[in-house]
Amino acid sequence: MSSVKAIINVQPVFYVLSESSLRLFSHVLSPNHQTTVATKQPLIYFFSYDDEASGERKTVKAEKSATYVKLNDKQTIFKYECNFKIPKGFGNIGGILMQNVHHKDTYIKNIVLHDATHKVKLTCESWIHTIHENTNERIFFSNEQSYLKWNTPAGLRSLREKDLESLRGNGKGQRKSFETIYDYDMYNDLDDLDSTGSVLARLVLGGSDHPYPRRCRTGRPMTQDWESRTTLPFYVRRDEEFSDTEAVTYGTNQSYRYVHRLVPSLDDLSTDMNNGFSSFSDIELLYDKCVEIIDSGNGGPSVLRRLLKDLLVIRKSGKEIAEKRKDDKVSFSSYDDDEFCRQTLAGINPYSIQLVTDAFERVNKEWPLMSKLDDPEVYGPPESAITKEIIQQEIGKLGIEDIMTLEEALERKKLFMLDYHDMLIPYVNKVRELQGTTLYGSRTLMFLTSDGILKPLAIELTRPPNNTEKTPWKRVYTPCSGATTEAWLWKLAKAHVLAHDSCHHKLVSHWWVPFFLPELRTHCVTEPYMIATHRCLSKMHPVHRLLFPHFRYTMQNNALARRGLINAGGMIESTFALGKYSVELASDAYKHWRFDHEALPKDLINRGMAVEDSSAPHGVKLAIEDYPFANDGLLLWDAIKEWATAYVNHYYPQAHLVKSDEELQAWWTEIRTVGHGDKKDEPWWPKLETQHDLIGVVTTIMWVASGRHSAVNFGQYTAGYTPNRPTNARTKMPNEDPTEDETKSFLKNHEQVQSAFLITILDILSTPSLDEEYSIKTEAGWEAEPTIKAVFQK
């Protein structure tokens, strides 16, 4: 018999762990023999799951009950100790079964078990619900080793399955705050009420009509076709919520309430919503001092001022939070032609630029430029107004060393493009019926000079036919400088393109590429990976432990986005050009989403921004050498892939182990057929049969959740400076409506309340958390395995 001391580390939450139940279980015993040790205040017992001949359970009383020891030196952790007498033959400790008999949830950081020669640290990092809400025990497995299902020690197999069952739930009922269940549902909770109490109905996203990834199910009561929004906050497992440090960084607990109050306040300021700036200096002043220039008339703007000022006080209260980035503003630099193009490569949306090629190559954007929309009577003629003559004329204005024909430019891969024509044209007439916004379809053509610098050649803006104007309107704008009408029209055209690019960033690159709408390809598509990982892969599974760090806070972010950002009347609809059609556009974009194109090299090749080249450092040769996103991204991609390759090959030394892994196959099937169920029949989904297949899948998921998200998220504060990245072009081009004054139209593109709102929100969202986790942090499960630890630290 040996003695073991247990140190329970509990995070303070205004009460102490005065009562708890703790049992240790062995992982070396047979399936029918599971020995446990239990502690329950005030007594601690050792239990054997083998009954005595009399039928009574064998028990051994612990030396003494668990007692409070101290608050650690940093005053952040309460420590409790208890001692056990472990019978001979108990074997190695495989994990912990725990109950919390206190009346409030308790956050367990870790439990350290050690005897005279051995020490085991079980990382919990989890909230334990009270037995007064749920009597089920929580299961925590040892971090010392990862196991596939087939090689799980006999004493842990039933607990492994029991733990997964507790996370899946039964798909019924409304989720309670103390639950730990992950399930799927459609985006059927984006409708909301306006200031008069009328329903602002929005589409249900998910299904054949409006395909979309699935979110975590909350089970709130249904109102017609929509899930009720009266139950707040939206269900998120408590372990997925922001840590205290993250909450301080974002000012989550208070700042989100301010943001949530600020959105409806825009309706109350209806008389001020159309107020533009009177001068460029006012825009500068708004950025530097946030709200001082907003009038205090009618009480409305003064409320806005108070909310924003309070929000800034909250953010500045943390000494370690980064200072306000006012010195980083880029002023009107994006209206400089070189900077306008540079931001397509190094700005917050580097995913849109693509190569223009000869039609014979049948890849990327082909010349001549043609729309693929299939109804000319609705969308206008498919031919672009950017002609060969316009291109050659603009190329001729460049340096003599760059003068060439269109054919030569295509052959030498010199022409690049931002194409928001087909994406936006179907929405132009609908958006123009909304107040305070307008829209065009756009194409922007750029030329790569011999110096490796992109120069704009032309911008085409298009309005399709409508009920009053049967003839479509198209206009091509070309670079022009000076104080001329043509120069102002060129700047205004660029402002419209920047607004289109902002919408693509928020609605496609980030939200569906968590947070805003460039989140479709990050936040939105990642949530199904996360749900499937919890439902299908045991915490002991090596792939669960590999992916888990990349999912941190994703579900909480997405729930907050549904609550106040992408919902009806939320931040996106209030400040971006598409208004109430924003999420519909995201659904349309998802129709073109492909998992196999999410890998960075494949994405670059698909857009013509790189070609395969085995002799190149990363296996691809870039079409533009100075492409910061790709230059840095490929370094990170290779590092992630190298790590994934060594990790997968360690746990799956033979290919048949991948194909025969029941949990892994269930995980991949659920991602494809449920989480992304609207895409389940697509032929491009990778198979999961070999180590190579698995390496590709997990590398892509880790890349999307880390490098890709960072590229479109942490630079968002620059978009808060509206002259640099307008989110809404509020007036038409002057030569579509000649009565508009060019300068006033430009200034009205930057509306006061929206600008103040954007500055605050985007700065918060782009600020890294104080407890941000970077790739240098080793997870507990990796530390325990020497081979994995060595690979990670390589």
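The legends below describe close-up views of one predicted model.

Residues are numbered from 1 along each chain as its sequence is written, and side-chain values use heavy atoms, with hydrogens and water left out. In this predicted model, local features need pLDDT of at least 70 and side-chain atom pairs count only at pLDDT 80 or more, while totals for chains, interfaces and linings use all residues.

**View 1. Confidence along the chain.**
pLDDT is the predictor's confidence in each residue, from 0 to 100. Its mean over the protein is 77. A value of 70 or more is reached by 71% of the residues. Over residues 289-330, pLDDT stays under 50. The model has 74 contacts beyond four places in sequence for residues 289-330; a contact means heavy atoms within 4.5 Å. Residues 510-518 also stay under 50. For residues 510-518 the model has 90 such contacts.

**View 2. Helix H12, residues 523-536.**
Helices are DSSP runs (H or I, at least four residues) and strands are E runs of at least two, numbered from the N terminus. H12 has 14 residues. From first C-alpha to last, H12 reaches 20 Å, close to the 20 Å expected at 1.5 Å a residue. The expected span is 1.5 Å times one less than the number of residues. H12 is mostly covered, with 14 of its 14 residues buried. Buried means under 20% relative accessible area, exposed over 50%, and partly exposed in between (1.4 Å probe, protein chains only).

A salt bridge is a side-chain nitrogen of Lys or Arg within 4 Å of a carboxyl oxygen of Asp or Glu. The count comes to 33. Lys-149 and Glu-662 meet at 3.1 Å, N to O. Lys-149 is partly exposed at 36% relative accessibility, and Glu-662 is exposed at 53%. Glu-339 bridges to Arg-342, with the closest N and O atoms 2.8 Å apart. Both residues lie in helix H6 (residues 337-346), 3 residues apart, about one turn of the helix. Here Glu-339 is buried at 15%, whereas Arg-342 is partly exposed at 41%. Asp-603 and Arg-607 meet at 2.9 Å, N to O. Asp-603 is buried at 4% relative accessibility, and Arg-607 is buried at 6%. Elsewhere, salt bridges that share partners join Asp-185, Asp-189, Arg-215, Arg-220, Glu-227 and Arg-562 into one network.

Rings of Phe, Tyr and Trp (its six-membered ring) pair if their centres lie within 6.5 Å. Planes under 30 degrees apart count as stacked, over 60 as edge-to-face, and the rest as tilted. The count comes to 24 aromatic pairs. The rings of Tyr-647 and Tyr-651 have centres 5.0 Å apart and planes at 55°, so this pair is tilted. Both tyrosines lie in helix H18 (residues 628-651), 4 residues apart, about one turn of the helix. Tyr-647 and Tyr-651 are buried. Trp-668 and Trp-685 form an edge-to-face pair, 5.6 Å centre to centre with 80° between the planes. This pair links distant parts of the chain, 17 residues apart. Trp-668 is in helix H20 (residues 662-675), and Trp-685 is in the loop between H20 and helix H21 (691-713). Trp-668 is buried at 2%, as is Trp-685 at 8%. Both tryptophans belong to one aromatic cluster, whose members include Tyr-187, Tyr-529, Phe-595 and Trp-684.

A charge sits over a ring if NZ of Lys or CZ of Arg is within 6 Å of the ring centre and within 35 degrees of the ring normal. The charged end of Arg-220 sits over the ring of Phe-234, 3.9 Å from its centre. Arg-220 is also one of the residues in the salt-bridge network. Arg-238 lies over the face of Trp-127, at 3.5 Å from the ring centre.

**View 3. Two buried positions, Gly-570 and Phe-447.**
Gly-570 is in the loop between helix H14 (554-564) and helix H15 (571-575). Its relative accessible area is 0%. Phe-447 lies in strand E21 (residues 441-448). Phe-447 has a relative accessible area of 0%. Beyond four places in sequence, Phe-447 touches residues including Ile-395, Leu-398, Asp-402, Met-404 and Leu-457. Asp-402 is 45 residues from Phe-447 along the chain, and their C-alpha atoms are separated by 9.4 Å.
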